[in-house]
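Here is a brief report on a predicted model.

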Amino acid sequence: MKVAHLNKEEPEPITVHDWLARAKEAETAGDAEAAARAYEKVIRLDRLHEFAYNRLMIIYRKLKEYQKELKVIDAGIAAYQTFFASHKKKKSKKITDLSLRLSKAAGLTDKKGNSLYAPEPVGRWKKRKAVVEKRL
């Protein structure tokens, strides 16, 4: 009988939760680079994982790697804007019209129907992007 694979190392995490656990362990151990790699893996597996984006931004800010932080912010904003745009199209005409009239009455949109506020977390990340760009 032959041993096909003898690997005494821990197997690669498969799920998002496994990668999150590994990232949190690395952060508590003080290994920011390993935590960043794990959070990047979480984002690759789940493009809309807000916690992973936030932690990755914080790690890069602590490491003073503002270019990487800016890339993460841009990627997060793009992912969420794509998500929100795809969900807008699925509503019926009645719901869209009612929603537009309500948001105009509440002062959330301009006269043309364009939103004055970005949905969360996009709004918060746009503010963070402005701060990072000032530091660069």
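The sections below take the helix packing, then the charged pairs.

## Packing of α1 and α2

Helix α1 spans residues 16-29, and helix α2 spans residues 32-45. Their axes lie 8 Å apart, at an angle of about 160°. That angle is over 145°, so the two helices count as roughly antiparallel. The crossing of α1 past α2 is left-handed.

From α1, the contact uses V16, W19, L20, A23, K24, A26 and E27. From α2, it uses A34, A35, A38, Y39, K41, V42 and L45. By class, 11 of these residues are nonpolar and 3 are charged, with no polar ones.

The model has 8 salt bridges. One of them joins the side chains of E69 and R128, at 2.9 Å from N to O. E69 belongs to helix α4 (residues 66-88), whereas R128 sits in helix α6 (residues 122-135). The two are 59 residues apart, so this pair links distant parts of the chain. E69 has 0% relative accessibility and therefore counts as buried.

## A pair within α5

D97 and K93 also form a salt bridge, at 3.5 Å from N to O. Both lie in helix α5 (residues 93-105), 4 residues apart, which means a separation of about one helical turn. D97 is partly exposed at 32% relative accessible area. K93, at 61%, is exposed.

## A salt-bridge network

R124 and E120 meet at 3.1 Å from N to O. R124 is partly exposed at 37% relative accessibility. E120 is partly exposed at 49%. Together with E50, E120 and R124 make up a network of salt bridges.

Methods: Residues are numbered from 1 along each chain as its sequence is written. This is a predicted model: local features need pLDDT of at least 70, side-chain atom pairs count only at pLDDT 80 or more; totals for chains, interfaces and linings use all residues. Side-chain values use heavy atoms; hydrogens and water are left out. Axes are lines fitted to C-alpha atoms, for helices over the stretch in contact, and angles run from 0 to 180 degrees between N-to-C directions. Angles under 35 degrees count as roughly parallel, over 145 as roughly antiparallel, 65 to 115 as roughly perpendicular and the rest as oblique. A crossing is left-handed if the near helix is turned anticlockwise from the far one by less than a right angle, and right-handed if clockwise. Contact means heavy atoms within 4.5 Å. Ala, Val, Leu, Ile, Met, Phe, Trp, Tyr, Cys and Pro count as nonpolar, Asp, Glu, Lys and Arg as charged, and the others, Gly among them, as polar. A salt bridge is a side-chain nitrogen of Lys or Arg within 4 Å of a carboxyl oxygen of Asp or Glu. Buried means under 20% relative accessible area, exposed over 50%, partly exposed in between (1.4 Å probe, protein chains only).
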